[in-house]
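Here is a quick tour of a model, with the chain and its fold shown just below. Have a look at them first, then read on.

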Amino acid sequence: MVSNSRCACTGTLISRRHVLTAGHCVSNGSGSFLSLGLSFVHPYNGAEIDNGPRHIWGYGYDKVYVVNGWHTSRNRNYDYAVVRLRPDCEGRYPGDRYGWMSFGYADGFFDGISTKWNWNLAGYPGDKTRLGRSLPWMWQHFGGTNQVESLGIRHLLDTRAGQSGSALYRFVKNERTIYGIHHGWSGAAGDTATSTSYNFATRITKARYLQICGWINEDRASKVC
């Protein structure tokens, strides 16, 4: 994802054309949408960047979904959004080429998210460019849970600017399933906490799962839930 011609955020495909990301990647939290220039970039490793050739597929967008809890109130508990992409010049969506990830929720008393859960996160840290080149380079992280909140997850994965909007996921029956959207570190947009011992992700609850499904299902051809 590219905002204002620079790598600013990370997003994750959750259908053939829908990208799940952080609300602050698309809205300033004061009622205005950011000026976006969105591009989907296939996650290359260092060797692929070095050796090329490298094909970057860019996509426009036709709709942005964000909730008022972020859009007008700048509350980190509501820092999530979905962007609906247009097809590329060949009439294909990014999910047609690369697939997409599942998303879900775990709100149950006995089977809900706990501090014993470990997480995975993949994104584009702004301080990691390949050999000084301004090329997106995906990094993956693994770590535990600090605290579980009703609308958020405090996690222990080390991240940097550029990874906002990354999916916080774990494997469920060998399938990557997203349970949260990375907001950032203490002191990031909308965060008034003073502790620096954790990062924060906005949690996908049952209500949010159904809401996101509704956004996706507006395009019947992209229905996944």
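## Aspartate 62 and its partner

Let's start with aspartate 62, which is partly exposed, with a relative accessible area of 34%. On this scale, buried means under 20% relative accessible area, exposed means over 50%, and partly exposed is in between, using a 1.4 Å probe and protein chains only. Aspartate 62 makes a salt bridge with arginine 17, and the closest N and O atoms sit 2.9 Å apart. A salt bridge here is a side-chain nitrogen of Lys or Arg within 4 Å of a carboxyl oxygen of Asp or Glu. The two residues come from distant parts of the chain, 45 residues apart: aspartate 62 is in strand E5, arginine 17 in the loop between E3 and E4. Arginine 17 has 7% relative accessibility, so it counts as buried.

Before going further, a word on the ground rules. This is a predicted model, in which local features need pLDDT of at least 70 and side-chain atom pairs count only at pLDDT 80 or more, while totals for chains, interfaces and linings use all residues. Residues are numbered from 1 along each chain as its sequence is written, and side-chain values use heavy atoms, with hydrogens and water left out.

How many salt bridges does the structure hold? There are 9. Arg17 and Asp62 belong to a network of salt bridges that also links Arg84 and Asp219.

Arginine 97 turns up in two of these contacts. One is with aspartate 88, with the closest N and O atoms 2.8 Å apart, and glutamate 90 also meets arginine 97 in a salt bridge, at 2.8 Å from N to O. Arginine 97 is partly exposed at 22% relative accessible area, whereas aspartate 88, at 8%, counts as buried.

## The sheet and its helix

Now for the strands. Four of them form an open sheet in the order E3-E4-E6-E5, with antiparallel pairing. Strand E3 (12–13) and strand E5 (61–66) are at the edges with a single partner strand each, so one side of each has no neighbour in the sheet. Strands (E, at least two residues) and helices (H or I, at least four) are DSSP runs, numbered from the N terminus, and two strands pair if DSSP finds at least two bridges between them.

E4 (residues 18–21) and E6 (residues 81–85) pair in the antiparallel sense over 4 bridges, and leucine 20 stands opposite valine 82 in E6. Helix H4 (residues 206–217) packs on the sheet and touches E4, E5 and E6, its direction making about 150° with that of E4. Contact means heavy atoms within 4.5 Å. Axes are lines fitted to C-alpha atoms, for helices over the stretch in contact, and angles run from 0 to 180 degrees between N-to-C directions.

## The disulfides

The structure holds 2 disulfides, each being a pair of cysteine sulfur atoms within 2.5 Å. Cysteine 9 and cysteine 25 have their sulfur atoms 2.0 Å apart. The pair spans 16 residues, from the loop between strand E2 (6–7) and E3 to the loop between E4 and helix H1 (46–51).

Cysteine 213 lies in helix H4 and cysteine 225 in the segment after H4, so the link ties together parts 12 residues apart in sequence. Cysteine 213 is buried at 6% relative accessible area, while cysteine 225 is partly exposed at 28%.
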